[in-house]
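User: I would like to check the terms used for this model against their cut-offs. Please take me through them one by one.

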Amino acid sequence: MTSPNSDFLKAVVERGYLHQATDMDALDERALKGPITAYIGFDATADSLHVGSMVPIMLLRLLQKTGHKPIVLMGGGTTRVGDPSGKDESRQLLTDEKIQENIAGIKKIFSKFLTFGEGPTDAVMVNNDDWLRGINYIDFLRDYGKHFSVNRMMSFDSVKLRLDREQPLTFLEFNYMILQAYDFCELSRRMDCCLQMGGSDQWGNIVNGIELTRRVEEKQVFGLTVPLLTTASGAKMGKTASGAIWLNEERLPSYDYWQYWRNTEDADVGKFLRLFTELPLDEIERLEKLQGAEINEAKKILAHEATKLCRGEEAALKAAETAQKTFEQGAIGDDLPTKEIKSTDLEAGIGLLGAITEMGLTASNGEARRFVQQGAVKVNDQKIDDPRYSLNASDLDSDKVIKLSLGKKKHAVLKVV
C-alpha cells in the first residue's frame, strides 16, 4: 500500500503499532472522510488487565486522539466460553458474579486512558453478554453457522497449535471464534462499527468477523492487528519472575509499576517510548540514541510517562522520588512496598525466605533460597547468604524498619508498629 494519509493510520505505522491489516488503502480512505468507529475486545478473566494489554489500550487512545470513536468491548459472554488462542489448555470457567466483578475492575483502567460520553468521538463500553445471552441455539446455527467452514476453522493457528501439541480443544472453545465473529457483525449493525483491532493472535478471529459481516450485513469492514510484544531478550511483555505487572493500583503499587518500565532493556527503549508514551517522535529519536549511562535517563522518562498515563502524574513523581532516595541516596523511599509487623513477630523470628517471597521480591521460597545462596539478598544493605537466616529485633534500624533488597533494583520494607 501507499503511505497512509489519515492521521490515525499514519501514527499507527510511525509508532510501530501495525502488524497486519486488511485493505489498508480503503481503510485509510474511510478514515479521511470522517470519524470511524472501531473496537477491541477484552475478556474478563481477572479484575485487572496487565502490561501485556497496554498496546491495544494505547491503540484505542490513539484512535480517539486522532478524531475517531473507540468501543471497549467487554467479553461478558465470551468469557463464559474461553478463547483458545495461544492457550495450551482450557480456561477455567468463571461464575457470572465473578465475571461482573472482573468487568468492574477493568472499567477503572479505561477511565484513565479514554474519554467516555455521548459525543461522536467519545468512547463507549459495551458487553457482548447483552446479545449473546439471549441467542436461540437452533436459530443461531441456521442463520450464522452456515457461513463457517469447519475445514477452514481447523486451519487457524489457535486450533492447529492446540491439536499439534495434542492438547484437548473442547467444542465449547471451538465455538469461540464464531461468537467473536458474531460480535463484529452485531457491532456493525448496532453502532456502524467498521474496524476491529487486536493482537496478532486474533487475526483469524478478526477475518472471520469481516467475512460474516460482509455476508450477513453486506458491509465492508476492516481488521488491524498489533504485534504481540516480547522484550529484546525474548521475555513476554507483562510477565516477571515475581508475577504479572498489573495495571490496577489494587493489584500492583505504583512504585513497582514505575520500576518495571525503569528496568527496560536498553534495546527496547525506543520501541517502548513509541508505543507506551505520547512523546513526539523527534524527542524519542533523540532519547534512543543515548549510550552508556545516559540511556538510564531515557528509561526514567519512559517510566515517568508510562506511569503518568496509567496511575497519574502524582504517582509517577512519587515513584521517581522513592527510586532516587533508594538508589541514589541510599535512604528508604516512602513509596517502597511496605508491610507492618508486630515486635512480638520479631521476637519469634521471621524467616528471611518467607519474608522476601511475601513482599513480592521473589515468586517462591525456592527462588528466594537460590538468590540468598547466590549472595543477591541484603538486609539493611548487608548481604545475607544463609537461607536459614531469621529476621529479629537486631535487624531494626533507628526508624524501626528493616529494608529487604534483591539485587540493586528490588526493595521492600518491614515496619514495626
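Analyst: Start with a charge and a ring. Arg311 lies over the face of Tyr257, 4.9 Å from the ring centre. This is a predicted model, where local features need pLDDT of at least 70, side-chain atom pairs count only at pLDDT 80 or more, and totals for chains, interfaces and linings use all residues. Residues are numbered from 1 along each chain as its sequence is written, and side-chain values use heavy atoms, with hydrogens and water left out.

User: Why is Trp261 called buried?

Analyst: Buried means under 20% relative accessible area, exposed over 50%, partly exposed in between (1.4 Å probe, protein chains only). Trp261 has 0%, so it is buried. Phe272, at 3%, counts as buried too.

User: Why is the pair of Trp261 and Phe272 called edge-to-face?

Analyst: Rings of Phe, Tyr and Trp (its six-membered ring) pair if their centres lie within 6.5 Å; planes under 30 degrees apart are stacked, over 60 edge-to-face, the rest tilted. Here the centres are 6.1 Å apart and the planes stand at 85°. Trp261 sits in helix H12 (residues 254-262) and Phe272 in helix H13 (residues 269-276), 11 residues apart. Helices here are DSSP runs of H or I, at least four residues; strands are runs of E, at least two; both are numbered from the N terminus.

User: Which aromatic cluster includes Trp261 and Phe272?

Analyst: Tyr257, Tyr260, Trp261, Phe272 and Phe276 form one cluster.

User: What makes a nonpolar core, and which residues touch the most other members of the largest one?

Analyst: A core is a set of buried Ala, Val, Leu, Ile, Met, Phe, Trp, Tyr and Cys residues joined through side-chain atoms within 4.5 Å. The largest has 103 residues; Leu195, Met197, Trp261 and Phe276 touch the most other members. Helix H10 (residues 176-191) gives the most to this core, nine residues.

User: Why are strands S9 and S12 said to stand at the edges?

Analyst: The open sheet runs S9-S15-S14-S11-S12, with mixed pairing. S9 (338-341) and S12 (382-383) each have a single partner strand, so one side of each lacks a neighbour in the sheet.

User: How do you know that S9 and S15 pair?

Analyst: Pairing needs at least two bridges found by DSSP. S9 and S15 (residues 410-416) have four, in the parallel sense, so they qualify. Glu340 stands opposite Lys415 in S15.

Notes. Lys NZ or Arg CZ within 6 Å of the ring centre and 35° of its normal.
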